[in-house]
Every structure is written in structure tokens, then in C-alpha cells.
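Good morning, colleagues. Please have the sequence and the structure in view.

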Amino acid sequence: MTTRTPTQDVTQWLEQFEAALHERDRQQVVDLFGEECYWRDLVTFTWNLKTLEGKEEIQAMLEATLDETRPTNWRLDGEANEADGVIEAWITFETAVASGKGLLRLKDGRCWTLLTTMQGLKDHPEPSRERRPKGAQHGASKSRETWLEARQREQQELGYTRQPYCVIIGGGQGGIALAARLRQLDVPTIVVEKNPRPGDSWRNRYKSLCLHDPVWYDHLPYIPFPENWPVFAPKDKLGDWLEMYTKVMELNYWGSTECESARYDETTGEWIVEVNRDGERVTLRPQQLVLATGMSGMPNVPHFPGAERFEGEQQHSSQHPGPDAYRGKKVVVVGANNSAHDICAALWENEADVTMLQRSSTHIVKSDSLMDVVLGPLYSEEAVRSGISHDTADLIFASIPYKVLPDIQKPAFDEIRERDAEFYQRLEKAGFLLDFGSDDSGLFLKYLRRGSGYYIDVGACDLVANGEIKLRSGVGIECINPRSVTLTDGSELPADLIIYATGYGSMNGWAARIISQEVADKVGKCWGLGSDTPKDPGPWEGELRNMWKPTRQEALWFHGGNLHQSRHYSRYLALQLKARQEGIPTPVYGLQEVHHLS
């Protein structure tokens with residue numbers, strides 16, 4: 001008796017799947033899925049970022065999209081593999097307008113998870129490899145325009161005599177990555193950034209800041225970091241890279257430019273965007289507006305009684321310049337997450353007397369453990385040697401439905417908890433309040449659900465455990481006095497400086513400031529999955545709210561997240577924008593409902 005191989009199983013499944021799709025037999029399609037099943041679609045079928053959970057949702061999506069999508073040419077890409085009873089295989093396919101790539105997992109011959117992603121628009125490919133521009137103009141011409149002359153002409157015209165199709169508000173890594181994608185798709189785009197130079201949003205942060213994510217996780221589109229790039233890039237080095245990248249990718253980047261207002265003209269289908277460009281008032285009229293103002297939104301600055309009477313300094317962590325001016329000073333840092341730990345450690349190194357005020361529990365994970373146990377299989381030198389590029393890793397990570405992700409993450413963080421048990425005991429002995437998330441699923445779920453509540457330890461925790469960074473936990477500020485703070489337990493801390501490492505609000509806070517509160521409420525809360533956990537209220541969404549996908553406000557988009565997300569999801573947002581520019585029909589399936597305003 002011949003044993004069937006995983007490749008044969010996948011090939012047969014794909015043949016049946018394609019035949020059922022061709023016949024528009026939705027019932028036959030869903031019969032190929034298991035009782036527990038998930039289909040995550042990134043733009044190809046839904047013109048949305050949408051996860052369908054269960055056969056009923058899959059069938060409903062197909063009823064609405066198949067006639068327009070017309071998917072064909074489902075093919076296995078390479079050999080299928082099997083582990084722990086799950087067959088996994090890369091696949092390729094086409095729709096009427098796009099080429100796609102996906103990842104299929106089978107259990108007992110039926111689909112457990114399916115990822116489908118749009119990789120490109122067939123009639124509008126990027127100019128890469130055999131389609132790359134020639135550069136030189138061979139021959140002789142009296143009307144020759146050099147590359148530099150053409151580039152200078154574009155910079156003079158765009159936004160003045162010729163309008164951009166898209167304006168991106170925010171020129172950090174998110175805005176830059178998206179602009180690079182749009183440039184390659186020939187979508188005229190202007191990036192508006194209040195800082196003078198690309199990378200300044202990093203340069204302006206506290207001086208000790210380094211990335212907490214490793215280099216393999218952090219590449220930008222098209223130009224990966226060189227092989228000698230540090231594992232954890234210092235902020236100023238990253239700022240220089242972003243400035244270089246902006247220049248060589250030929251982005252139209254308006255530094256020293258602040259967006260003063262924006263409104264959508266439904267009659268013309270244009271945004272009227274008023275900007276102040278280094279003292280010059282300019283009106284831009286793009287058809288698409290992207291807020292890439294950072295996943296974190298507006299700074300959360302708590303208001304305590306007596307704050308106006310404080311005789312020292314008060315800063316949000318985003319405004320903190322670094323420790324140099326505070327040697328010998330008494331500093332209270334409100335908060336106990338990433339920024340709080342980094343700032344406290346730098347102040348301690350500079351001989352400040354620093355106290356961390358921890359109001360609620362924090363998830364802590366040592367950087368080495370995070371790399372070894374969680375990130376390493378996908379984002380590491382070992383992963384690269386095994387053939388997993390960052391683009392491949394992005395798709396593998398994207399293929400895991402958010403509903404399933406907690407169960408996959410829990411064992412990894414259980415291992416970390418055991419591996420670093422002594423480390424956690426020392427912290428708890430010092431009074432530090434620890435958690436691993438409300439369901440013990442660890443760092444990534446906390447990040448996806450709320451974007452806060454954690455610290456990747458690169459050394460500050462030892463200072464807390466040893467008492468060198470003083471700790472007051474389980475208390476808050478009752479009031480602020482001229483030279484001290486009174487805590488909710490009645491005790492008092494002297495203070496020359498109060499730093500609020502208290503995080504940020506929803507990104508739609510920027511929509512309220514730039515556009516209107518009405519539009520901010522119309523689109524609703526950004527970020528979070530609807531997990532019904534702290535700071536991520538239900539109902540369940542299945543995707544991050546409002547990120548990289550159509551919103552309830554026509555032609556308004558949100559782009560943000562860490563470097564990994566900015567790189568990966570900028571592809572899908574850019575393709576959605578390009579399709580609209582070219583007049584390709586983009587019927588959106590499953591437009592997100594609004595359940596929360598902020």
C-alpha cells in the first residue's frame with residue numbers, strides 16, 4: 001500500500017478547491033474546510049483585511065465576492081510539509097486583477113487555516129528585476145532631461161501645479177515605508193512631516209533609546225539593513241537610515257511641514273488639506289488621505305490636582321530629552337512599561353535619584369528569552385540560514401488567525417516563565433507587579449490588544465530588583481505639591497521632575513485634531529482586536545481596528561505599528577490605493593462596524 005505524501009494531499013485539495021470555485025459551488029468549497037476553520041484574506045477577495053471564522057462566514061464571503069474576484073490557477077509552490085498532524089503548504093493563485101500568494105494548513109485532509117494575500121496588480125506591476133527602469137537615455141536628443149532635472153522638476157511641481165493622488169500625514173517609519181511602496185506603484189504621493197528631517201521622530205526621543213526588536217524583524221521594504229547592522233539599532237543610527245532611505249527611494253518628503261486641517265469634499269471626491277510648509281501656506285487636494293501619525297496616537301498626559309503649582313518640570317515620555325540635565329535631581333516616573341524602564345535606567349546611569357511609580361501590573365520578558373524562544377524561529381540569523389527571509393516570516397506570522405494566536409503563544413511564554421523563574425522571583429520580591437497578559441498569552445497579544453503594558457528587558461529590571469531604581473507599586477498620585485507628589489496611600493515623594501510614561505490614546509485622536517471630532521467618531525477606535533481584555537473591549541473584531549484597510553470615512557486610512565508591521569502591511573495598503581487610482585473596482589466586503597469611539 002502506497003502512503004500518500006503531504007504534497008499529494010495538498011495538490012488534491014487544491015484541485016478540488018479550484019474546481020468548486022470555478023463552478024461557483026460555495027457549499028462544495030466549504031465542505032473542504034474543517035469544523036474549526038479560518039480564512040484570512042488580505043485584500044484579494046475582500047478588498048479588506050478580513051478573517052472569516054467558521055464555514056458560515058466563509059460561505060457568506062464567497063457569496064458576496066466570487067463573481068467579482070474570479071480566482072484561478074491555484075498552485076502548490078514548492079513541497080508541502082507535515083508536523084504534528086498538520087500539513088502546511090505555500091500556494092499561489094490569481095484573481096481577475098491580481099496575483100496572490102498564500103499559506104494553507106490541512107488537518108485530516110480539510111482546511112484548518114488559509115491565508116490569501118494580494119502580491120501585485122497584474123496590469124500595474126512594480127518596475128523591478130526585468131522591468132526595472134533603464135536609467136540612461138541612449139542616443140542623442142536636444143530635449144534631453146537628466147534624472148536630476150526630472151527629479152527637481154517633480155519636486156517643484158507636485159503639490160503646486162500638479163496635485164498628489166495621496167497625502168500621508170506623518171513621516172516616521174510608517175509613512176516612509178508606505179510612500180516607498182506607492183512610489184514603486186507610480187502613485188503621486190507627498191509625505192507631510194512636522195520635523196525638519198526624515199528620522200527626526202527617532203532622533204528627538206530620549207538619548208538612550210535603542211530598538212527593542214531585532215534587526216531581522218525591522219527591515220524596510222526593498223532595502224534591507226546590511227548584514228553588519230546591529231541587532232538592536234540605536235535611535236540616531238535608525239534616524240540616519242530613514243533619512244538615507246527617503247532620499248534614495250526618491251520620496252516627496254515635505255519636512256518642517258505641519259498639517260493644520262483637512263476636510264473631505266464629497267462633491268469632488270477630494271480632500272482639502274491645509275499645510276504650513278516652513279512658513280508657506282499650501283493647499284493640497286489629494287484623493288486619498290493616510291494618517292501615519294504613529295500607532296500610539298496622541299500622548300496620554302494625566303491631570304492630577306495641584307499640577308499647575310508644581311515648581312519643577314513635568315514631561316510626557318515623548319518629550320523627555322534624556323538624563324543629562326537631571327544629575328542629582330529627584331525624579332518620579334509615572335508608569336512601568338518600555339519607556340518608563342528605559343528612562344529610569346538612563347537617569348540612574350546619570351546619577352539621578354529616580355523612583356518608578358507602577359500603578360498596575362506589567363508584562364516583562366527578557367530580550368534574550370524573547371529572541372531564543374519566540375522570535376528566533378522566524379526572525380533571526382538561524383531563520384535566515386534555514387531559508388526564512390523576513391518576507392517569508394511575515395507571511396507565516398500573518399497566516400496565524402488572531403483567534404488562534406493566544407493558544408500558540410501561551411506555551412512559549414510558559415517556557416519563558418520557567419526559564420527565567422529566578423529573575424521573576426527577584427522582581428516580585430522587590431514589589432514589582434507582574435503579569436503575562438490576562439490569559440497568559442504574553443507580549444504579542446498585549447501589543448495587539450492594547451499596544452501597551454509590557455517591557456522587553458535590556459537591563460533595567462536588575463536595577464529595579466536591586467533597589468537602585470526605587471519602586472512604588474500599586475499606588476497612584478493623589479495630588480501634586482510644589483516640590484513633591486502625594487501618593488494614594490498617603491505617602492509623599494520629593495520631586496524635581498515628573499515624567500509621565502503613561503502611553504498614548506487611539507490614533508483617531510489625530511483625526512479629531514486634524515479633521516474633526518465627527519470624523520474621528522465616525523471611524524471609531526483604532527487598534528485592538530475586541531478581545532474583551534483590559535483596554536481592548538469587545539465585541540470580537542478578528543482584525544486590528546481600522547488599520548491598513550478601508551474605514552467608515554471615505555478615502556481616509558490609518559497606517560502605523562512597529563517596523564515589521566509598517567513593512568508588511570504597507571504592501572496591502574499601497575495596493576488598495578493603487579487600485580483606486582486606476583479605477584479598478586474595489587468592492588469592500590465586511591467593512592468594520594464601529595463599537596467604540598476611542
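Leaving aside its neighbours within four places in sequence, which residues is Q288 in contact with? Before I answer, please note that this is a predicted model. With that neighbourhood set aside, the contacts of Q288 are Y165, C166, V167, W271, A555, W557, L577 and R580. One of these partners, W557, is also joined to Q288 by a polar contact between the side chains, at 2.8 Å. As for its place in the fold, Q288 belongs to strand β14, which covers residues 288-291. Is Q288 buried or exposed? Its relative accessibility is 6%, and because buried means under 20%, Q288 counts as buried.

I turn now to the cavities. How many cavities of 30 Å³ or more does a search of the whole structure find? The search returns 2.

The largest cavity has a volume of about 90 Å³. Its lining consists of R40, Y217, F397, A398, I400, Y402, F444, Y447, L448, H564, Q565 and Y569. Sorted by class, that lining holds 9 nonpolar, 2 polar and 1 charged residues. Three helices each supply at least two of the lining residues: α11 (390-398), α14 (443-450) and α18 (563-581).

Q565 sits in helix α18. Its relative accessibility is 4%, so Q565 counts as buried. Apart from neighbours within four places in sequence, Q565 is in contact with Y447, L448, W527, L544, W548, G560 and S570.

Which residues line the second largest cavity? They are V523, G524, K525, E541, R545, Q592, E593, V594, H595 and H596. By class, this lining comprises 2 nonpolar, 4 polar and 4 charged residues. For the lining of the largest cavity, I recall, the counts were 9 nonpolar, 2 polar and 1 charged.

Thank you for your attention.

Methods:
Residues numbered from 1 in each chain as written. Predicted model: local features only at pLDDT ≥ 70, side-chain atom pairs only at ≥ 80, totals over all residues. Heavy atoms only, no water. 1 Å grid on protein atoms, 1.4 Å probe; cavity = no way out; pocket = protein on both sides within 12 Å on 5 of 7 lines; lining within 4 Å. Points joined across faces, edges and corners; volume = space filled by probe spheres on them. Helix = DSSP H or I, 4+ residues; strand = E, 2+ residues; numbered from the N terminus. Nonpolar A, V, L, I, M, F, W, Y, C, P; charged D, E, K, R; others polar. Buried < 20%, exposed > 50% of the residue type's maximum accessible area, 1.4 Å probe, protein only. Polar contact = N/O pair within 3.5 Å; in protein donor to acceptor, adjacent residues only side chain to side chain. Contact = heavy atoms within 4.5 Å.
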